[in-house]
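Welcome, and please open the model in your viewer.

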There are 2 protein chains.
Amino acid sequence: MIQELKDNYKDVFEEGLINEINQVATFKEIPENFKIIEIGDYIKSMPLLLSGVIKIFREDTNGDELLLYFLENGDTCAMTLSCCIGQSRSEIRAVTETQVKLLMIPVQKMEEWMAKYTSWRAFVLNSYHTRLNEVMETVDSIAFLKMDERLLKYLKDKARVTHINSIHNTHQEIAYELHTSRVVVSRLLKKLENMGKIELNRNHIRLVEL
Amino acid sequence: MIQELKDNYKDVFEEGLINEINQVATFKEIPENFKIIEIGDYIKSMPLLLSGVIKIFREDTNGDELLLYFLENGDTCAMTLSCCIGQSRSEIRAVTETQVKLLMIPVQKMEEWMAKYTSWRAFVLNSYHTRLNEVMETVDSIAFLKMDERLLKYLKDKARVTHINSIHNTHQEIAYELHTSRVVVSRLLKKLENMGKIELNRNHIRLVEL
DNA sequence: ATGCCACAGTAACATAGGTTACATTGAAAA
DNA sequence: TTTTCAATGTAACCTATGTTACTGTGGCAT
């Protein structure tokens, strides 16, 4: 029995389902900063996150990208869910933020379990619900917040999901994820530092308050 | 038997399900510009759209609002779906754009059918998939497009869902839906008119090309 | 016909954020 | 230690969009 599966999902799935997952799922360990899914990919199996953090990106036709949200332990990517079901291509890119452990579940099992297990149906629907809310929160950020507020939110979100009070990123990387420019990020970070909200160091940023 | 139910869903749902829907659903006819769901509402039954167009809005804490997307014939609001299931409050506002006809389905039936009917499961999952993609398209618009491009896209989307080549809105109303100001909308509409893409008239705008 | 008023046009200005260019600095490599 | 270079700081400028304020106008009500 895969230990993380039992630890993370024993209160979510009934025992029979956990056993089935244990039998058919493939365990994978993937290093930090690794591209798991690219836009346009066909999805053959559904990932279930056991540990670590995954970043989900959206990209436009010019290659500009934007961070949509983070996936944490216990999450699954609803985008991938619907790609599995709908036989359609991925609309997003998934990149590991930290080292991750995950289970890959064959698509046909997904369908089978939808009919068979109440807990699986609840899980799938709940994943969609969570993801939908997450994308809407992203809409809120872009539509209603100014760049300095978005930047601070980004830093706090990143600290939350990684459980580290310190962000190890260059300004350029942050700029890509927020779809702005390095100069703007540097400018606003300095402003946040002057306000006493963060401390700037080379290659990492410390949040003063969480 | 509700005629629109049969007409719209005979290829989507198996006959038994259509009969069940016909028995338990309540038929409603609602006039144009009517608020169906407000942010914070508890949802007791799930709406199924038979005809007409519904607008879905997001709002921030200052009361600023933003159009997320339109619902058309055959759609259901996935937000509502997940509110039903998760017992949570609505995160969005729903307003009729045209007169609409819809069926209200009790929540407990939804759950029951998830176990019983393959076609219902497919429908629910497909709704989530579509809605998720729609919100992501909204993210794209806000993140990657300039206001004049967003404006033109808005006009085209509205023309598409209403099947009318002419938009009957004041500049102020458009400004609210795009979360910008009336002056900006007027300015950019004039620019689009000069480019030959639209024709401006009092209280309505005609799209030259679709 | 006349007055009223919501709607639209437009100028002038303010500001956030994007762009270019260059200086400074910390840390790793030689 | 010295060199090197990615990372950061910062000034100066540009553009899109938001804001304020005022004008013009079509159509309805009296």
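In which order do the strands of the open sheet of three strands in chain B lie? The order is S8-S10-S9, with antiparallel pairing. Before going further, note that this is a predicted model, in which local features need pLDDT of at least 70, side-chain atom pairs count only at pLDDT 80 or more, and totals for chains, interfaces and linings use all residues. Residues are numbered from 1 along each chain as its sequence is written, while chains are lettered from A and ligands numbered from 1 in the order in which they are written.

**Stop 1: the sheet of chain B**

Select strand S8 (166–167) and strand S9 (198–201) of chain B, the edge strands, each of which pairs on one side only. Strands here are DSSP runs of E with at least two residues, helices are runs of H or I with at least four, and both are numbered from the N terminus. Two strands pair if DSSP finds at least two bridges between them. Show side chains for Leu200(B) and you will find Ile205(B) of S10(B) opposite.

Next, bring in the helices. Helix H6 (residues 147–162) of chain B lies across S8, S9 and S10 of chain B, at about 90° to S10(B). H8(B) also packs on the sheet, where it touches S9 and S10 of chain B, and its direction makes about 130° with that of S9(B). Such angles run from 0 to 180 degrees between N-to-C directions, with axes fitted as lines to C-alpha atoms, for helices over the stretch in contact. Contact between two residues means C-beta atoms, placed from the backbone, within 7 Å.

**Stop 2: the hairpin of chain A**

Switch to chain A and select strand S9 (residues 198–201) and strand S10 (residues 204–207), which run antiparallel and are joined by four bridges. Ile198(A) has Leu207(A) as its bridge partner in S10(A). Two residues lie between the strands of this hairpin, and Asn203(A) takes a positive phi near 70°.

**Stop 3: DNA strand C**

Show DNA strand C and the 19 residues around it; Lys146(A), Met147(A), Thr180(A), Val183(A) and Thr170(B) come nearest. A residue is near the strand if its C-beta atom, placed from the backbone, lies within 6 Å of it. Which element gives the largest share of this surface? H8(B) does, with five residues. By class, the surface has six nonpolar, seven polar and six charged residues. Ala, Val, Leu, Ile, Met, Phe, Trp, Tyr, Cys and Pro count as nonpolar, Asp, Glu, Lys and Arg as charged, and the others, Gly among them, as polar.

**Stop 4: where the chains meet**

Colour by chain and select the contact, which takes 29 residues from chain B and 29 residues from chain A. On the side of chain B, two or more residues come from each of strand S5 (65–71), helix H3 (78–86) and helix H5 (118–144). H5(B) gives the most, with 16 residues. This side of chain B divides into 15 nonpolar, seven polar and seven charged residues.

**Stop 5: the domains of chain A**

Finally, colour domain 1 (3–143) and domain 2 (146–207) of chain A, with bounds from an automatic or database domain assignment. Their C-alpha centres lie 26 Å apart. The contact between them takes 10 residues from domain 1 and nine residues from domain 2.
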